[in-house]
Amino acid sequence: MRRARMAVAATAAGAALSLLGTGVASAGSGPAPSPQERAATEAAGAAGTEAGNPRSAVATASGVCSDAYQIGSTAYVYRNTETIASVKQFYSPSCDENYGYTWVWQSFLDQDINFDLVTGVWSYDRDYLVGKRLVIDTHAQEFWSNAADTVNECTSGYGQVTILNEASYDVRSEQRC
């Protein structure tokens with residue numbers, strides 16, 4: 001498992017470096033959503049989506065600012081060879097905050113396994129999880145962290161799924177500085 005996570009991390013790091021080119025984006029910036037992406041979010045209404053809908057009922061209850069959009073690439077939580085969750089980092093220009101986002105895949109939920117879940121924003125500057133949200137013994141699909149005041153820091157979205165009598169499965173999305 002550790003080797004697989006290291007391979008995924010190395011692949012993500014290589015992809016991140018190739019995308020950076022000659023410029024470097026800060027943790028709290030990135031390309032704003034396109035008009036098509038904005039329309040898709042608005043069409044989703046209060047529903048959660050794998051892509052992350054900052055206007056969903058869960059996001060609203062978690063205090064996510066509605067203009068938040070994904071920054072950096074998506075990471076995936078693996079249980080052996082099975083993909084069980086997606087992890088992303090979001091940024092809100094109006095609130096100047098970052099958020100962690102974890103979406104548990106339906107194929108995993110269909111196995112009727114309860115789990116504990118942690119999501120947040122990993123700060124490389126602090127070496128600490130900021131905006132941490134912990135949900136115990138759940139079977140839910142959509143999880144948003146609390147707001148993280150980390151816009152001027154190097155950060156990643158963080159997600160961890162823990163299954164009783166198994167290891168914890170965790171990942172960080174692309175590092176943003």
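Analyst: Start with a cut-off: a residue is buried if its relative accessible area is under 20%, exposed if over 50%, and partly exposed in between, using a 1.4 Å probe and protein chains only. This is a predicted model, where local features need pLDDT of at least 70, side-chain atom pairs count only at pLDDT 80 or more, and totals for chains, interfaces and linings use all residues. Residues are numbered from 1 along each chain as its sequence is written, and side-chain values use heavy atoms, with hydrogens and water left out.

Now the strand itself. Helices (H or I, at least four residues) and strands (E, at least two) are DSSP runs, numbered from the N terminus. Strand β2 covers residues 82-92. Of its 11 residues, 10 are buried, so the strand is mostly covered.

Next, its partners. Two strands pair if DSSP finds at least two bridges between them. Strand β1 (residues 69-79) is joined to β2 by eight bridges, and the two run antiparallel. Within this pair, V87 of β2 stands opposite A75. Strand β3 (residues 97-104) also pairs with β2 in the antiparallel sense, over eight bridges. Here S86 has W103 of β3 as its bridge partner.

The hairpin of β2 and β3 has four residues between the strands. In that hairpin, D96 takes a positive phi near 55 degrees.

Positive phi values turn up elsewhere. D112 is not a glycine, yet its phi is near 55 degrees, a positive value. D112 sits in the loop between α4 (106-109) and β4 (115-123). Is D112 buried or exposed? D112 is exposed, because its relative accessible area is 60%. D137 has a positive phi near 50 degrees, and this residue is also other than glycine. D137 lies in strand β5 (residues 128-138). At 53% relative accessibility, D137 counts as exposed.

Finish with a side-chain link. A polar contact is a pair of N or O atoms within 3.5 Å; within protein, one must be able to donate a hydrogen and the other to accept it, and residues adjacent in sequence count only if both atoms are side-chain atoms. The side chains of Q89 and T155 make such a contact, at 2.6 Å. T155 is found in strand β7 (residues 155-162). T155 is buried, because its relative accessible area is 0%.
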